[in-house]
Amino acid sequence: MSRTDAEVVGETMEQLIAGARRSVGLALVADGKFAAEARRVLSRLPKEEPGRSGPVVRVLCVGAAAEGVGDLLADQNLPQIEVRVSETGLREVLIVDGGGALVRSGTGDAVTVNDPVVVRALDLLFAGAWSRARPLDHHLSLSPRLDSDQARRVLEMLREGHTDEVAAQELNVSLRTYRRHVAEIMRELGANSRFQAGVRAVELGMLSSRARAGGPRPLTGGRDPRGLSGSGDGEAGTRVGPGR
C-alpha cells in the first residue's frame, strides 16, 4: 500500500473501533503497514472509566507481528488488551461487534465488509483460531528449541501414536536422532512422559486440542468463504484507499 492508503486504512480502523460496544477482534500476520496502523490506533484507545466497561479487545498474531504488540500490554493507560499467538496462516482482519470488518487483501489493499453473513463467517473463523492460539506470555516463554517446525512435527508423531521407527522414517532422521529430539522436547516441556508432553504442548497452543484426520489441515478448518485464511483473495466489500 502507498502512504496514502495506510492513512486511509488507519482512519477506517479508528472509525470502526470508536463505534465498538462489545468486542474488537484483530488478526495481524506481519509487522507491516496494516499492523503498524493497528498498533497506532490501539495505542490511542481511551482508558476504561471506573464503573464502565469498554469492548473486549483481542489481538491474534502470527509470526513477527507478535513482537510489536507486547508494548501495548505494558501501557497502563490503555484498556485491557488480550494477545494470543497462532501458528495458522490468517488474513489480516479487524472485526468489530461481529457486525463490521476491515480485511487486508492479498494485493495489499484493505476492504471494508458490512454483509452480515460474511462478517459472521469471519467472526467465527477468528473465534476458532483464537481458541486454539496460545497466550502471548506462553509464546514468549517457549524455548527456541520448541518454537520450530521440527519440534511440532515430533509432537505430531507422538500424538498420532507412531512407533519411534516409523516416526523417524517419516521425519527422515535416524532413530537415534528422533529419540534425542523426543528427550529434548520432554525436558523443555518439563514432562515426565510422552503423554504429558502432548498435554503440555496443547496447553501451550503448540498443537490443536483435537487430533487431525487425514493429515494436517488449517487451524481455521473448513472452507474460508471470504478470505480470513491466508489463501484466496476474494472479499465482498468496499476497497479502502485510492484505486489502482
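## Conventions and basis of the model

Helices (H or I, at least four residues) and strands (E, at least two) are DSSP runs, numbered from the N terminus, and by this assignment Asn172 is found in the loop between α7 and α8 (175–189). The model is predicted, so that local features need pLDDT of at least 70 and side-chain atom pairs count only at pLDDT 80 or more, whereas totals for chains, interfaces and linings use all residues. Residues are numbered from 1 along each chain as its sequence is written, and side-chain values use heavy atoms, with hydrogens and water left out.

## The chain as a whole

The protein chain holds nine helices and eight strands. Of its 244 residues, 43% count as buried, where buried means under 20% relative accessible area, exposed means over 50%, and partly exposed lies in between, with a 1.4 Å probe and protein chains only. Contact means heavy atoms within 4.5 Å; among contacts in the protein chain between residues at least 6 apart in sequence, 71% join residues at least 24 apart.

## Helix α7 and the residue after it

Helix α7 spans residues 164–171, and its buried residues are Asp164, Ala167, Ala168 and Leu171. These residues lie on the same side of α7 because they cover an arc of only 100° around the axis, the arc being that of the directions from the helix axis to the C-beta atoms. On the other side of α7, Gln169 and Glu170 are exposed.

Just after α7 comes Asn172, with a positive phi of about 60°, a value taken although Asn172 is not a glycine. At 71% relative accessibility, Asn172 counts as exposed.

## Packing of α6 against α7

Two packed helices are described by the angle between their axes and the distance between the axes. Axes are lines fitted to C-alpha atoms, for helices over the stretch in contact, and angles run from 0 to 180 degrees between N-to-C directions. On these terms, the axes of helix α6 (residues 149–159) and α7 come within 10 Å and cross at roughly 145°. The crossing of α6 and α7 is right-handed; a crossing is left-handed if the near helix is turned anticlockwise from the far one by less than a right angle, and right-handed if clockwise.

On the α6 side, Arg153, Val154 and Met157 meet Ala167, Glu170 and Leu171 of α7. The residues of this contact divide into four nonpolar, no polar and two charged, where Ala, Val, Leu, Ile, Met, Phe, Trp, Tyr, Cys and Pro count as nonpolar, Asp, Glu, Lys and Arg as charged, and the others, Gly among them, as polar.

Arg91 is found in the loop between β3 (81–86) and β4 (93–96), and Arg91 is buried, with a relative accessible area of 6%. The side chain of Arg91 reaches the backbone oxygen of Arg104 at 3.5 Å; a polar contact is a pair of N or O atoms within 3.5 Å, for which, within protein, one must be able to donate a hydrogen and the other to accept it, while residues adjacent in sequence count only if both atoms are side-chain atoms.

Asp97 is placed in the loop between β4 and β5 (100–104). Phi of Asp97 is near 55°, a positive value in a residue other than glycine, and Asp97 counts as buried at 16% relative accessibility.

## Residues paired across the sequence

Gly25 lies in strand β1 (residues 23–28) and counts as buried at 6% relative accessibility. The C-alpha atoms of Gly25 and Val93 are separated by 7.9 Å, although the two residues are 68 residues apart along the chain. Leaving aside neighbours within four places in sequence, Gly25 is in contact with Arg58, Val93, Leu94, Ile95 and Phe126.

His138, in helix α5 (residues 136–141), is partly exposed, with a relative accessible area of 27%. His138 and Arg84 are 54 residues apart in sequence and 8.9 Å apart in space, C-alpha to C-alpha. Ala183, whose place is in helix α8, counts as partly exposed at 39% relative accessibility; from C-alpha to C-alpha, Ala183 and Ser193 are 9.7 Å apart in space and 10 residues apart in sequence.
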